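Dear colleague,

Please find below the structure that I am handing over to you, followed by an account of what was found in it.

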Amino acid sequence: MGVVVFLIAFVAVSIPLSWAFRAALARLLPRDMAYAAGTMPLTAAFGLMVVGLYVFVALFAPLLAPFPERAVVGSQFQPWDSTHWLGTDRLGRDMLSRLIYGARNTVGIAFATTALAFLVGSLLGIWAALRGGWLDQGLSRFVDALMAIPSLIFSLLLLTIFGTSVLTLILVIAAVDATRVYRIARSVAQGVVVMDYVEAARLRGEGTWYLIRREILPNALAPLVAEFGLRFCFVFLTISSLSFLGLGIQPPTADWGSMVRDNATLITFGDVTPLLPAGAIALLTVAVNFIVDWQLYRASGLKERI
Amino acid sequence: MHLVLMMILQRLALGVLTLFVVSLVIFGATELLPGDLASTLLGQSATPETVAALRAQLGLDQPAPVRYWAWLTGVLQGDFGVSLATRRPIADMLATRLGNTVFLALYAAAIAVPLSLILGVLAALWRNSLFDRVANAGALSAISFPEFFLAYILIFLLAQSGYFPSMTRISPNMSLGDKLYVTFLPALTLTLVVTAHMMRMTRAAIINLMAQPYIEMARLKGLSPLRIVLRHALPNALAPIINVIAINLAYLITGVVVVEVVFVYPGLGQLMVDSVSKRDIAVVQAIALIFASAYVLLNLTADVLSTLTNPRLMRRK
Amino acid sequence: MTRGAPLLTIRDLTVEGHAGEDWQPIIENMNLTLHRGEVLGLIGESGAGKSTLGLAAMGFARDGCRISGGEILFDGIDLRKASERVKRGLRGQRIAYVAQSAAASFNPAHKLIDQYGEVPVLKGQPRRKVAAEAVALYRKMQLPAPEEIGFRYPHQVSGGQLQRAMTAMAMACRPDLIIFDEPTTALDVTTQIEVLSAIRDIVRDHDTAAIYITHDLAVVAQMADRIKILLRGREVEEADTRTMLASPKEDYTRSLWAVRSFQREVQPPATGQPLVSVQGVTAGYGKVDILHDISFDIHAGRTVAVVGESGSGKSTAARVITGLLPPRAGQVLFEGVPLPPDYRSRSRAQLRQCQMIYQMADTALNPKLRLRELIGRPAQMYLGLSGRALDSRVRELLDLIELEPDKFIDRLPGELSGGQKQRIGIARALAAEPRLIICDEVTSALDQIVQEGILKLLDKLQREFRLAYMFITHDLATVRAIADEVVIMQQGRIVEQGPKADIFSPPHEPYSELLLSSVPEMDPDWLNRLLKTRSLPGL
């Protein structure tokens with residue numbers, strides 16, 4: 001029952017907030033962007049608002065958190081009160097502060113990983129599409145073989161071998177994810193490469209770097225940005241799951257996945273506190289998905305009008 | 001007919017080749033290790049003698065191709081070697097757990113596949129209706145939730161008040177009914193995640209299909225909506241739907257790992273996570289190989305089935 | 001001629017389409033009357049609303065469109081007010097539809113005869129009778145092997161045959177009205193003739209009324225009793241076919257007629273060393289040869305039109321010259337010197353000499369670059385221009401193609417019309433200051449009036465810069481307008497080549513004869529005459 005009341009209250013609060021946020025964006029942004037902002041669906045406005053909030057919290061975590069990230073400041077499993085708004089965890093650290101620092105650690109690591117995967121995967125994918133021939137064939141068959149192993153399983157295998165540290169985590173997940181990015185980037189770039197303007201540029205004698213930079217990338221950007229959102233969600237969920245399994249971000253670093261794991265026992269006693277970090281993960285993923293959905297819809301809508 | 005047979009044989013051959021490459025990757029990954037497996041396992045305090053002894057025991061003094069061959073032939077005969085942590089034969093550790101995991105996955109699939117196909121088709125038919133919007137938003141949220149979040153929400157709602165057990169202890173001599181009851185929560189968690197994905201993909205496939213000119217033609221022939229769907233859309237929808245099912249059953253493999261840990265379910269996923277934290281590479285390799293093979297075989301089956309439903313391929317010029 | 005009540009009456013029809021947030025009219029205040037057995041031709045350029053009007057005659061609007069005003073009376077039934085059930089009962093039985101692309105509009109999962117029989121069998125006609133009628137109709141439509149063709153799947157039958165099978169399917173219930181939506185647009189001219197004559201005969205024999213939608217005047221002249229001309233969702237004028245062709249009233253109509261009047265001045269015969277010489281080229285992809293031993297020359301300041309149907313290898317020949325497809329045998333000489341077969345091994349000076357203009361300006365211009373860079377880049381690369389010199393060169397080029405520099409220089413291609421985009425394609429080619437420009441179907445995607453502007457511009461530039469054109473097209477009217485020499489290709493071989501005057505006057509090679517005679521003419525009796533002359537030798 002409580003859950004239903006909470007859900008209704010949450011929706012009731014977020015609708016006017018998103019509406020106001022959208023109106024503010026439409027007012028404040030420069031003209032060409034204001035139109036897009038003014039016509040976006042409420043879900044997208046909600047998504048942007050949430051992402052903005054997360055970025056803000058991540059950037060200013062030390063100022064916002066009432067207690068340090070790793071310090072023991074109370075007894076174990078203290079309930080919610082005026083000093084520790086969300087109580088304390090299994091070791092007596094402040095939950096709210098760890099939740100705030102978690103935004104920085106979990107989101108930051110996931111973002112760095114996705115960015116790395118994108119840099120490697122999309123450059124290789126575009127390059128393969130542009131060059132074609134044996135280079136494309138070789139790279140693509142190799143990626144196919146790697147993709148025949150489910151990504152979480154492959155990550156687990158690699159983590160067993162290389163051990164679990166933040167650096168190996170980033171590298172392993174980025175490597176596994178780069179294969180997926182490669183696939184997407186290659187197929188998007190292939191759609192662009194067959195265009196006559198690329199042929200014209202080739203016949204003009206342009207070099208590979210100009211072709212990628214001026215002809216292909218600007219035209220592949222929109223789908224790649226949407227894909228970046230989706231891949232970020234995926235990486236974020238994978239890292240959270242790994243942390244939850246105890247194989248991701250290691251203590252004492254504050255991280256949402258491991259916070260759920262450490263305090264899960266409370267749930268069976270009817271305490272929702274351990275669900276909060278999980279909710280924080282879900283909220284961000286929902287928000288990013290909303291934005292991506294809007295972008296994809298815009299891309300397809302524009303196509304229909306032509 | 002002859003051509004299709006050739007195509008299917010080709011796919012099968014490709015599948016076997018993929019399995020071979022997968023085994024190579026899974027085995028070869030250990031070779032990427034900086035340094036040596038034995039010294040990594042024993043840590044820095046190990047004496048050179050103990051390291052050498054472990055190397056000999058693991059067969060690390062032999063060249064990699066020889067070890068790979070021995071491993072592969074063993075696996076093909078059902079012998080996965082010995083666990084590094086417990087020294088027990090891995091095959092024994094896997095036997096009952098494999099059955100448990102398959103049971104859980106099938107349980108979830110049996111609910112999720114029909115449910116998501118029905119929801120997906122309805123959402124596509126009633127596009128932009130309230131039902132479609134709610135189903136879409138729900139599916140999008142379910143996709144965005146980490147599996148453990150869904151699992152704990154279900155525990156919070158259903159187990160805490162005592163309707164269902166939050167820890168799943170199952171034993172071989174339980175009746176099917178009891179088994180279904182005890183494993184209901186993990187199965188439901190998996191169902192929610194997979195249904196969301198599958199519903200969205202089914203909807204997209206159907207909408208894509210309904211935009212085809214031959215569907216407009218069927219409408220202009222004055223056919224009833226039901227007939228258009230059953231006779232004109234469905235025969236062409238089989239291939240995409242088969243693919244959607246295969247992708248999502250494969251997705252169950254990933255989902256099962258986390259869900260088994262949350263519910264302390266004695267399956268392969270839980271064993272894999274335990275082995276990763278113990279860095280028991282032999283066991284991790286074995287389980288990874290099983291999961292990857294299941295994944296490859298699923299995709300292969302889907303590939304063959306969708307070939308068989310494609311009239312363009314079945315009847316050549 | 002005495003006539004009863006009209007079969008179809010459309011009054012004040014408005015159809016709207018969903019554009020972003022609001023509804024925009026596609027058709028406004030349209031009126032239309034059609035009697036039994038009458039064929040009405042609907043003519044208009046892309047976006048004129050012809051298909052929308054055709055579908056509205058069935059009481060149907062595509063997704064994202066709605067019929068928002070007026071009346072559609074079919075045999076006394078108001079289709080706007082009728083229930084879905086009533087409309088379903090009419091569709092397929094009394095009003096049938098033939099789509100532009102039969103290949104996409106037949107369901108790939110069912111045999112042709114099953115799709116033919118779907119509606120009649122559902123309405124209770126016995127299966128055997130329906131099958132026998134299907135075979136009879138297939139025979140009448142001159143389909144090969146009429147007894148068996150119905151048991152094939154759509155992908156097993158060629159495009160022209162599918163289009164006829166679709167007409168037969170539309171005939172299955174002997175409807176009172178058939179809507180033909182550009183049924184021959186996707187076909188080659190030689191195939192088009194068969195489909196046109198089959199459609200016309202069957203409509204006449206069954207005394208079916210028809211609405212025939214097309215953008216091709218000459219085609220509609222053969223098919224229709226009356227012609228209605230549409231422009232941006234509104235009617236321009238309507239008259240019976242002969243009157244319309246002989247004395248159109250409106251300026252817009254006259255401008256449609258006038259397009260074919262442009263004619264390049266006759267040039268003296270070419271002499272001296274050719275600019276480009278293609279010698280014995282054989283080329284193809286994979287194991288298949290597409291070009292077989294072709295040779296032709298292009299002289300400076302002259303236009304060589306390369307003509308052929310789809311698959312004849314005319315674009316492949318262009319790819320060999322540009323170096324995109326190195327030939328298996330033979331060579332390409334530029335001013336007597338062999339060019340390296342692969343463009344990657346050609347020097348910048350060599351690349352510069354030969355530029356291309358593409359059919360689809362949409363895909364030929366990078367949508368993310370402004371015109372300044374699009375046009376300026378070749379000048380920057382080949383001529384080393386930069387800064388002010390580059391800017392003034394771009395402006396000069398924009399002037400040449402008759403676009404105002406100040407207004408256009410910082411635009412994106414998306415902000416231009418189809419004709420303007422094609423002009424930018426021309427400017428980009430000119431920027432390299434080439435000797436040869438290859439024009440690959442440059443006018444086929446454009447509306448007729450815009451085509452004429454482009455042809456005139458190309459002609460002006462040719463005289464000014466002594467450019468050589470290799471003009472690839474399937475449209476013989478364009479060839480007549482601009483060519484000096486003509487090369488006719490079929491299945492990768494050159495059938496006939498020579499000066500335009502020789503090619504267009506008899507005697508012809510058999511294929512040239514077939515191709516030339518298949519091009520529809522504006523004369524309403526053209527198809528009759530053609531069929532008569534063609535059937536003579538066979539008798």
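**Chain A and chain C**

A:Glu199 and C:Arg319 form a salt bridge, with 3.4 Å between the closest N and O atoms; the term denotes a side-chain nitrogen of Lys or Arg within 4 Å of a carboxyl oxygen of Asp or Glu. The model is a predicted one, in which local features need pLDDT of at least 70 and side-chain atom pairs count only at pLDDT 80 or more, while totals for chains, interfaces and linings use all residues. Residues are numbered from 1 along each chain as its sequence is written, chains are lettered from A and ligands numbered from 1 in the order in which they are written, and side-chain values use heavy atoms, with hydrogens and water left out.

Across the interface of chain A and chain C, 3 salt bridges are found. Chain A contributes 16 residues to this contact and chain C contributes 23 residues, contact being defined as heavy atoms within 4.5 Å. The two chains bury about 1,900 Å² between them, and carbon and sulfur atoms account for 54% of it. Buried area here is the accessible area (1.4 Å probe) that two parts lose on being put together, summed over both.

**Chain A and chain B**

The buried area is about 3,700 Å², with 84% given by carbon and sulfur atoms. On the chain A side, A:Ile153, A:Thr160 and A:Ile161 lose the most area to chain B, together 16% of what that side buries. The interface of chain A and chain B has 1 salt bridge. The side chains of A:Asp293 and B:Arg200 form a salt bridge at 3.6 Å, N to O.

The axes of H7 (residues 151-162) of chain A and H12 (residues 268-278) of chain B come within 8 Å and cross at roughly 25 degrees. H7(A) is therefore roughly parallel to H12(B). Helices (H or I, at least four residues) and strands (E, at least two) are DSSP runs, numbered from the N terminus. Axes are lines fitted to C-alpha atoms, for helices over the stretch in contact, and angles run from 0 to 180 degrees between N-to-C directions. Angles under 35 degrees count as roughly parallel, over 145 as roughly antiparallel, 65 to 115 as roughly perpendicular and the rest as oblique.

From H7(A), A:Ile153, A:Leu156 and A:Thr160 make the contact with B:Met272, B:Ser275 and B:Val276 of H12(B). These residues comprise 4 nonpolar, 2 polar and no charged (Ala, Val, Leu, Ile, Met, Phe, Trp, Tyr, Cys and Pro count as nonpolar, Asp, Glu, Lys and Arg as charged, and the others, Gly among them, as polar).

**Within chain B**

Chain B has 14 helices and 0 strands. Its C-alpha trace spans about 85 × 60 × 40 Å along the principal axes. The axes of H10 (residues 213-220) and H11 (residues 225-262) of chain B come within 11 Å and cross at roughly 165 degrees. H10(B) and H11(B) are therefore roughly antiparallel.

**Salt bridges overall**

Over all chains, the whole structure has 53 salt bridges. One of them joins the side chains of C:Arg11 and C:Glu71 at 2.5 Å, N to O. This pair links distant parts of the chain, with C:Arg11 in strand E1 (residues 8-19) and C:Glu71 in strand E4 (residues 65-74) of chain C, 60 residues apart.

With kind regards
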